[in-house]
Amino acid sequence: MHRSLDSNNLRDALKYSAQMLSELRTSRLSPHKYYELYMRAFDELRKLEMFFKEEVQRGFSVIDLYELVQHAGNILPRLYLLCTVGSVYIKSKEAPAKDVLKDLVEMCRGIQHPVRGLFLRSYLSQVSRDKLPDIGSEYEGDADSVVESVEFVLQNFTEMNKLWVRMQHQGPVREKEKREKERSELRDLVGKNLHVLSQIEGVDLDMYKETVLPRILEQVVNCKDEIAQYYLMDCTIQVFPDEYHLQTLETLLGAFPQLQPTVDIKTVLSRLMERLSNYAASSTEVLPEFLQVEAFAKLSNAIGKVVEAQVDMPVVGAISLYVSLLTFTLRVHPDRLDYVDQVLGACAKKLIGKAKLEDSKATKQIVALLSAPLEKYNDIVTALKLSNYPRVMDHLDAGTNKVMAVVIIQSIMKNMTCISTADKVEALFELIKGLIKDMDETPVDELDEEDFKEEQNSVARLIHMLHNDDPEEMLKIICTVRKHFLLGGPRRLPFTVPPLVFSALKLVRRLQGQDGDVTGEEVSVTPKKIFQILHQTIEALSIIPSPELALRLYLQCAEAANDCDLEPVAYEFFTQAFILYEEEVADSKAQVTAIHLIIGTLQRMNIFGVENRDTLTHKSTGYSAKLLKKPDQCRAVYACAHLFWVDDQDGIKDGERVLLCLKRALRIANAAQQMANVTRGSSGSVALFVEILNKYLYFFEKGNLQITSAAIQGLVELIMNELQSDNMTSDPSADTFLASTLRYIQFQKQKGGAMGEKYEQIKVAKV
Amino acid sequence: MVLVLALGDLHIPHRATELPAKFKSMLVPGKSSTSYAPEISVSSGPFKFKEVHDYLKSLCPDMHITRGEYDEDLRYPETKTLTIGQFKLGLCHGHQVIPWGDLDSLAMLQRELDVDILVTGHTHQFKAYKHEGGVVINPGSATGAYSSVTYDVNPSFVLMDIDGLRVVVYVYELIDGEVKVDKIDFKKTATQSTH
Amino acid sequence: MNFLIGAFKPPCNIKITFVDERSRKKATIKKENGQTELVPLFQSQENIAGEISIEPIQGKKVEHIGVKVELLGQIELYFDRGNFYDFTSLVRELDVPGEIYDKKTYPFEFSTVEMPYESYSGVNVRLRYILKVTISRNYVSNIVEYQDFWVRNYTPLPPINNSIKMEVGIEDCLHIEFEYSKSKYHLKDVIIGKIYFLLVRIKIKNMELEIRRRESTGSGPNTYVETETLAKFELMDGAPVRGESIPIRLFLSPYELTPTYRNINNKFSVKYYLNLVLVDEEDRRYFKQQEITIYRMLET
């Protein structure tokens, strides 16, 4: 062929090029290999085209040439040659480009073999691309020529697509999968046409709307092929400008419900929405367009139709469509909460009758759907306005529902969102109810203990985000929370009640601060009222039973009531604490801690009248002395000494009873010592004595006249004697304590002044 | 030189949600001029929330915790002593020491534990008290949690820079959204607590 | 008979020339030995004129009893070789009996000769036109010289030229509709048409259009029919689906066609057919044949 090209022998050139092109008639190659062959032929045809051009320049009639190549008996070489000459023909401008193109695209019908036809038409597309009559192009021609160009490309596209779709039926059924893969590899040959269309200047919005898009969609819908429909819809969306899509949304979307049920519509639609969202984000100027064409309504409507039409679409598909729509809405119309709610509503509607979702993918999509508004608004309060939010959430399985609830709580935490009304709290609790109470079908034993703890701790933390400066509203919030929490059951209450109690106590404290300001006004929220609520709340905790926690909370309340000058209330709380102590706290260690907290709290109470106070101190001392272990008894008893000596101006200072307590402690320490002798044959540690010594020193320094230097002296000597006794068990920490105590005494003696004088009479051996 | 972080009375989740963000941004692993990476952290008091525990652990793996009044977890001891350089540190939440927050009573505990520095809590009020036996430090509540003892609790914590015989105590307090820093110097005479 | 005669060359050379020999169009004729020859081309009603020169070989004389030239239209059937049927025979006497010593030239003319049939050289039949010069002699055989010429007759555009349109098929298997734009084509014409597939249940591999020539000679029991395929033109590659329509565009110029001849002098006919052939994957052929008329159009 080359030789004949070189020697300008036209007849031979045609003969040999037809032979070369006959190679392309093969049916034995895979599409991939065929493509390679095609590329080689393509290069040869470029040379041939050059030759034809020269031939025409030498005076050979291009029209004759156009006829001459059609004499070839085999159709495939004939048509390749025809396209090649056609290209020269158009360039020669001896006939209007549109006529030549029309002829070429029509003649190509002769190739019905899918692969060969695809490549031939691809060749046609390639050689014609730069010769399409277009606005401003040298082949422009008359007014209709752009229309003809478009017609040409559309026709070629249509035919190529038909061939491409037909490929699937070629060959044995068992190789279908492989074939479909090969077919996918060729998709860009078809898609190229759409690209060409998008490059035609003359395809303005009107033409796109009136001709191009309807024709593309017609082909897409009619071909009824999954691969083609998916690819071409996506391709259309990707190659044409966003502005066109926006203006033709209705038409474009109208095609979706007509696609095959297996087409991955959600991906295509999501990509469309993604593009549109990006377009919206590109400039604020385009936003009015979105409103003008009612983009949201159209998308929403289309999705509704797709979901309706594709009955077999798995629920996950439908949900992911709503996720995309929601993403679009959040980006384009962030201010339209009603849209967001509408999307959720549509999704909820789709899920009706589906009960809980078992499909993990669908669940994931729901979580994405529900998370999107949270992420966008960074504000759960906004999400709480979405009436359909909980409806969607209801469809999650219990586990995921909880995860979602935790996500919601985390969002609140992260953004430090304040939930400020009882209504919102109510709405919020509707969302997180999975954490608040047992859902019916969750078997309790399947819960992971650690997870459960984490969840409940999240809920507990959440309480501090529910806040309103107005006490009345705040109380409403507290009552709302309480109402929900009390449904939580014995496992949750220990987690949820304490934060609620402290939230209420904070409110109490706030009211204290306002006391002065609100005089004269009718105050509906009073500390008293709150304490009443607190009382009932803690009671719920004590019933389950969680006595130790309840006891602590009662003490907290008692102290708060003390600060509010509510003696009877404080007394009641103490009474409750004592009842719990007596009846419920059984563990000896817990008893020790509890009694210390009781003593510590009681020591700080200053509103009790003598009688009440006596009752309470009496009980405390009594309980102290009844602790299981002697050392614990001893320590609790000497702690009780502080109940009678409060080191401030108005505080009680009953030196005698202090001394009684300390002496009692000493007796217990002695008893402990003797018990040690009996049980182990050796004396116990002197630690308790040293501790008591320190308490003596404390009250001595505080000016309790009942505590004399002689008594201290005596105690020191007692300890020394004990230490020297033969069967003393050594206790280094006690020794150290004693040493530092003695050193302290020395220090105080040397200090001089009043304190030095006081210490003067105490003689201690130097250590 | 050892940097010791002392914080306590977090009361998460009962009374607070989180450590203040400003504190968190100051305390990050890896040293830099504006943040601190304590090598040791000591903490007293209610410590329920695992997330915070893990956060502190990541900040400073050598962590010492004593039991608060709401800690049911018996893992944490009532008191704990540790030696850092030439200093002996004592930890105790303080609800066991009656009257609560009473310095003379805490001094007694300090004698009992025989420590140079006693870190304590429970009152949610920052205090640093020097006396003949050493220092008593209450870092306050790192979350500014509600307290029946103290009104208007500001979140606070303490960093102790222990270097030889000297310890510089930095107090960080969050007041109206701003972190205020105070510094207290404490020197130990070589003779003290050597026996 | 006379064995001496054969041993001698004819005593003269006879040369036949046409008046407009140089300017006249020529037809390319394939001879029986495969070589081609250019011969003058005439059409019916033309004057056929020229001159005949007789030049005796040096030193010889030609004695004759008359010289004549004949214009003959002959049909020769190969199965009946040697028998010519003259359908046209015109004679012009050129000379009275006498002797020719030197070169002698005779002009001749046949005016407006009726030549109803075209020259044709087929498989079993030949139709030829010749000029035959005869120098008649006594006792010895006549001296004869032939000159072939070719005749083509042009047909005006047919007043009626309907398209060929037809639906054919095999029940439940294949239904097609095809259309050729005309039923009569001139020799350089293009066959335009299309095939529309109404039903396709077989796996078609390709489709082609053949041009077939059917030459029949003789009559009655002695009829000989010879069919040749002159063109095989692929129209379609691959299997179409229902609703597909395939274009036809076949240029006739590359093929050696003649006009359709119907019952020429009761001796022979030449007819042309378009044969549409579909080949399936098992190489089974399905075809439909349609006669077309080919005519010669006056080239302008």
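Visitor: Which residue in the turn between β11(C) and β12(C) has a positive phi?
Guide: C:Tyr139, at about 65°. β11(C) and β12(C) form a hairpin there, with six residues between them. Keep in mind that this is a predicted model.

Visitor: How many bridges join β11(C) to β12(C)?
Guide: Seven, and the strands run antiparallel. β12 covers residues 143-151 of chain C. C:Thr134 stands opposite C:Val144 in β12(C).

Visitor: And β10(C), how does that run against β11(C), parallel or antiparallel?
Guide: Antiparallel, with two bridges. β10 is residues 120-121 of chain C. C:Tyr120 stands opposite C:Leu127 in β11(C). β10(C) and β11(C) also form a hairpin, with three residues between them.

Visitor: What about β6 of chain C?
Guide: Strand β6, residues 66-77, pairs with β11, residues 125-136. The sense is antiparallel, over 12 bridges. C:Leu77 has C:Val125 in β11(C) as its bridge partner.

Visitor: Switching topic. How many residues does each of chains A and B put into their contact?
Guide: Chain A gives 33 residues and chain B gives 29.

Visitor: Which helices supply chain A's side?
Guide: α26 (449-462), α28 (493-514), α30 (547-563), α32 (588-604), α36 (687-701) and α38 (732-751) each supply at least two residues.

Visitor: Which one has the largest share?
Guide: α38(A), with seven residues.

Visitor: What's the breakdown by class on that side of chain A?
Guide: The side touching chain B has 16 nonpolar, 11 polar and six charged residues.

Conventions. Residues are numbered from 1 along each chain as its sequence is written. Chains are lettered from A and ligands numbered from 1 in the order in which they are written. This is a predicted model: local features need pLDDT of at least 70, side-chain atom pairs count only at pLDDT 80 or more; totals for chains, interfaces and linings use all residues. Two residues are in contact if their C-beta atoms, placed from the backbone, lie within 7 Å. Helices (H or I, at least four residues) and strands (E, at least two) are DSSP runs, numbered from the N terminus. Ala, Val, Leu, Ile, Met, Phe, Trp, Tyr, Cys and Pro count as nonpolar, Asp, Glu, Lys and Arg as charged, and the others, Gly among them, as polar. Two strands pair if DSSP finds at least two bridges between them.
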